[in-house]
Amino acid sequence: MARTLADARRWVEQGTLLCQGALGGLDEESFAAPSLLPGWTRKHLAAHLAANGDAVGNLVHWAATGVRTPMYSSPEQRVADIEAGSTLPGVDLAAWFDRSAASLAEAMAGLTEAQWAVEVVTAQGRTVPAWETPWMRAREVLVHAVDLGTGLGFADLPVAFLRELGHDIVGKRRQAPLADSPEVQVWPVDADGVTWTLPGTESGPPVLVFGALADCTAYLAGRGGEQGLRASRADQPTTIPTLPAWL
Ligand code: ZN
């Protein structure tokens with residue numbers, strides 16, 4: 001993978017700024033309005049983003065001290081905290097996001113090279129070196145900055161981040177072939193040397209999907225983008241295949 005620790009940490013900063021810009025422009029009514037994520041208001045999403053900052057901070061604390069500190073005390077607690085957070089006033093949620101982002105940045109800035117290599121366990125149960133945590137956080141703040149639904153799109157996200165995100169999503173999606181579908185190849189037309197292949201259960205010629213990197217990654221993330229894409233199969237135009245949910 002091409003990304004470095006410095007890349008991921010820069011993306012955390014950029015995503016944090018985008019979220020702060022989006023949250024800072026909301027009045028109480030807009031905070032209570034739906035986000036782009038099904039069933040979640042912007043308050044739910046702001047609470048999730050703030051709680052995630054604290055949770056990733058727990059892993060950084062683990063790496064710094066060697067004391068096992070899980071992201072969340074349990075999956076149920078994670079959900080309960082988001083629900084409780086969604087009832088707070090918007091200004092409190094924005095302040096919580098700022099606080100958690102600032103302490104996370106400070107904690108990351110204090111890690112030594114040896115501490116970045118310490119193994120920690122994510123909420124999904126994956127054992128990873130601490131240097132994966134900025135990438136985990138970058139994905140959250142950058143993708144959810146779009147999900148807040150205040151007008152940001154994937155085209156507003158850093159290009160190098162979008163490439164990494166595409167690789168990351170396709171790596172997960174490749175674990176299960178697309179049901180009742182031939183192979184799908186996604187070709188960002190503005191990203192040199194990038195093609196993403198999703199295996200399908202049907203044989204025959206693949207479906208080729210073309211479009212801008214931002215639309216291709218939005219599509220792979222299950223967040224629209226289809227209107228900017230075109231697809232062909234065996235040199236004939238075809239419909240854009242529907243992908244199952246990603247996150
Ligand atoms: Zn999330």
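The expected span of a helix is 1.5 Å times one less than its number of residues, and helices themselves are DSSP runs (H or I, at least four residues) numbered from the N terminus. This is a predicted model, in which local features need pLDDT of at least 70 and side-chain atom pairs count only at pLDDT 80 or more, while totals for chains, interfaces and linings use all residues. Residues are numbered from 1 along each chain as its sequence is written, and side-chain values use heavy atoms, with hydrogens and water left out.

Select helix α7, residues 133-147: its 15 residues should span 21 Å, and the end C-alpha atoms do lie 21 Å apart, so the expectation and the model agree. Continuing past the helix, select G149, which follows α7 and has a positive phi, near 70°.

Next, select the zinc ion, which is coordinated at 2.1 Å by H48 (NE2), E140 (OE) and H144 (NE2). Donors here are N, O and S atoms within 2.8 Å of the metal (3.2 Å for Na, K and Ca), and because water is not among the atoms, the site may look incomplete. Along the sequence the donor residues follow the spacing H-x91-E-x3-H. H48 sits in helix α3 (residues 42-65) and E140 in α7, so this pair, 92 residues apart, links distant parts of the chain. H48 is buried, at a relative accessible area of 5%, and E140 is likewise buried, at 14%.

Finally, colour the chain by domain, with bounds from an automatic or database domain assignment: domain 1 covers 5-152 and domain 2 covers 166-237. Their centres, taken over C-alpha atoms, are separated by 29 Å.

Key
Helix = DSSP H or I, 4+ residues; strand = E, 2+ residues; numbered from the N terminus. Buried < 20%, exposed > 50% of the residue type's maximum accessible area, 1.4 Å probe, protein only.
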